[in-house]
Structure formats: C-alpha cells, structure tokens
Amino acid sequence: KSLVERVLDALPATKATVVVVGSGREAVEKELARIAPNVSIVFQAERGGTGHATRLAMPAFAGLADNDVILVLGSDTPLLRRESIADFIAQSLGAAAAVMTAHVPEPFGYGRIIRDSAQEFTSIVEEKDASDAERKISEINSGIYLFQKGALIYALAQLSRDNAQGEEYLTDVISILRGEGKAVAAFSISDFREILGVNDRGQLSECGAILRNRINDELMKAGVTIVDPASTWVEEGVEIAADVTLLPGTWLTG
C-alpha cells in the first residue's frame, strides 16, 4: 500500500475528505484515482505552508456547520491506527482546537509542545523558531489536529508568514484561538511510533520494519510460530492458521 492509502484507511467515516497535493501532483492524483476516487483533490501550486494548504481545502467543507469538526493530518504517517485517531477525536470534542502529541526520544526537526507551569497546553513552536531550552522538550507535535470548522476559518484568516520559513503555520491557529479565550487541548498518543513520518528511504525502511513486527506479533498471538520474526515478512490480509510454523526468510504476499 502507498503511504497515502494507509493514512486514508486509518480515517473514521467522514462527511467529506480532501487531499491537498503539491509536488509530484500527477503521480499522487493517479494513485488517489485508483484507491479513493471519491475524495476531493486540491492543488497547492505555491508551497505556502500547512496553514495555506488547509485554507485551500476549506471550500470543500462549505456544507458543514460551524460546530462540525475537521481532522487535519499529513499523508506520510503510515503507522497510524484507526483506533488511535478515534480516541483522539473522542478526547478532543468540545475544544475549538486540539493537537495529537507524542513523547519521542529524538525530537529534532519536530515542532515542540509548550505548556505552562500548570502543564496546560499553550502553543507549538517549530524547530527553526525554538529557543535552546524549547529544543530540549521531548513532547512534539504529530501534525494531527482537530478543529471546529468556525474556529478554524476565523483563525486561518489571521495567519501571517512572519517566521523563519516564511510560511503560514497551521500551528499558529492554536495560539490565535487560545489568545481569543477558546478551549485548546493536546493529547499524547501512547505509542510514538504511530506518528513517525517518512521523508526518505531510510525512514521508509524503518516504518516497514515496525509494520512487519506489528503483523508478526499479531500472528504469533494467534498461535502461529515464527522462528525468526526479523526475517519473516507477511503481507496484511494473508490468512495463516494456528500451529503453522514459518521458517526464517519466509515471504508471504497476496
């Protein structure tokens, strides 16, 4: 499965789904036509940041009420589970905005979650804009958000590009809404590996190994003997009866 297919598979039932495409547009649109022909596609000709991309998608939600919620997430997190997204949505209902966070051993490159002395969530600071002290924070932004539609439209209209990357940050929506006295929240996912993104072939391999282990663990719990899980690759959907033994170097697909 492609990265975007895995993310779409993890989504709960929605009234509308929009995919914002940019680089590699033709290949992505061809894949979407194959796996999800009913999604709406929006082209971001100028790479103006996550806030800009979200703003471009908003006309597709014109039929939603202001108190309906909009889930925003990237397409490069193939390990996300549907259950984790459902839990996040359930926890976030009632807030004007919420972000899924995670505590990671290597937070470099991620936006950091800022909390006050009472441990209340206040804002998100991007790596390039963070101070030395903020870069030491291990709680990071997963890039997964939930917004009330009306609050999101209001805040998107106020975004600026006065930052290190010259982009409209979706993370600034949180600060804007909090400044208006709106309820904002942050909830940490228990397994940080679910929000790992893929930016290169090395990270793709790492996520592939995690997915392999996840599948093998489920098989072994169901009674399958796997002599060497590290060298055994079983595609999702393959059915294996209990008491079957898989020897080292086994590949099962289709």
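Helices (H or I, at least four residues) and strands (E, at least two) are DSSP runs, numbered from the N terminus. With that rule, L11 lies in the loop between α1 and β1 (18-21).

This is a predicted model, where local features need pLDDT of at least 70, side-chain atom pairs count only at pLDDT 80 or more, and totals for chains, interfaces and linings use all residues. Residues are numbered from 1 along each chain as its sequence is written, and side-chain values use heavy atoms, with hydrogens and water left out.

**L11 and its surroundings**

- L11 counts as buried because its relative accessibility is 13%. Buried means under 20% relative accessible area, exposed means over 50%, and partly exposed lies in between (1.4 Å probe, protein chains only).
- Which residues does L11 contact, leaving aside its neighbours within four places in sequence? They are T17, L71, L73, R82 and I85. Contact means heavy atoms within 4.5 Å.
- L11 and R47 are 36 residues apart in sequence. Their C-alpha atoms are 25 Å apart in space.

**The second largest pocket**

- The second largest pocket holds about 480 Å³ of space. Of its 18 lining residues, the closest to the centre are K1, R6, G208, L211 and W233.
- How is a pocket found? On a 1 Å grid over the protein atoms alone, a pocket is an open set of points with protein on both sides within 12 Å along at least five of seven lines. A cavity, in contrast, is a set of points where a 1.4 Å probe fits but cannot get out. Lining residues have an atom within 4 Å of a point.
- Grid points are joined across faces, edges and corners, and a volume is the space filled by probe spheres set on the points.
- Four elements each supply at least two lining residues: α1 (3-10), α8 (201-221), β10 (233-234) and β12 (251-252). Helix α8 gives the most, with six residues.
- By class, the lining has 11 nonpolar, two polar and five charged residues. Ala, Val, Leu, Ile, Met, Phe, Trp, Tyr, Cys and Pro count as nonpolar; Asp, Glu, Lys and Arg count as charged; the others, Gly among them, count as polar.

**Aromatic pairs**

- The structure holds two aromatic pairs. Rings of Phe, Tyr and Trp (its six-membered ring) pair if their centres lie within 6.5 Å; planes under 30 degrees apart count as stacked, over 60 as edge-to-face, and the rest as tilted.
- The rings of Y145 and F147 are stacked, because their centres are 5.7 Å apart and their planes are at 20°. Both Y145 and F147 are buried.
- The rings of W233 and W251 are also stacked, because their centres are 5.5 Å apart and their planes are at 15°. W233 lies in strand β10 and W251 in strand β12, so this pair ties together parts that are 18 residues apart in sequence.
- W233 counts as partly exposed, at 28% relative accessibility. W251 is exposed, with a relative accessible area of 58%.

**Charges over rings**

- The charged end of R25 sits over the ring of F43, 4.0 Å from its centre. A charge sits over a ring if NZ of Lys or CZ of Arg is within 6 Å of the ring centre and within 35 degrees of the ring normal.
- R212 lies over the face of W233, at 4.7 Å from the ring centre.

**Positive phi in loops**

- Q119 is not a glycine, yet its phi is positive, near 65°. Q119 is found in the loop between β5 (112-115) and β6 (121-125). Q119 counts as exposed, at 54% relative accessibility.
- D243 is not a glycine either, and its phi is positive at about 75°. D243 sits in the loop between β10 and β11 (245-246). D243 is exposed, with a relative accessible area of 69%.

- In helix α3 (residues 50-57), the residues G51, H52, A53, T54 and A57 are buried. The buried residues of α3 pack against β1, β2 (40-43), β3 (69-72) and α6 (149-156).
- T232 is in the loop between β9 (225-226) and β10. T232 is buried, with a relative accessible area of 0%. Not counting residues up to four places away in sequence, T232 touches R212, N216, I226, L246, L247 and T250.
- S175 is in helix α7 (residues 171-179). S175 is partly exposed, with a relative accessible area of 33%. Leaving aside neighbours within four places in sequence, S175 is in contact with T122 and S123.
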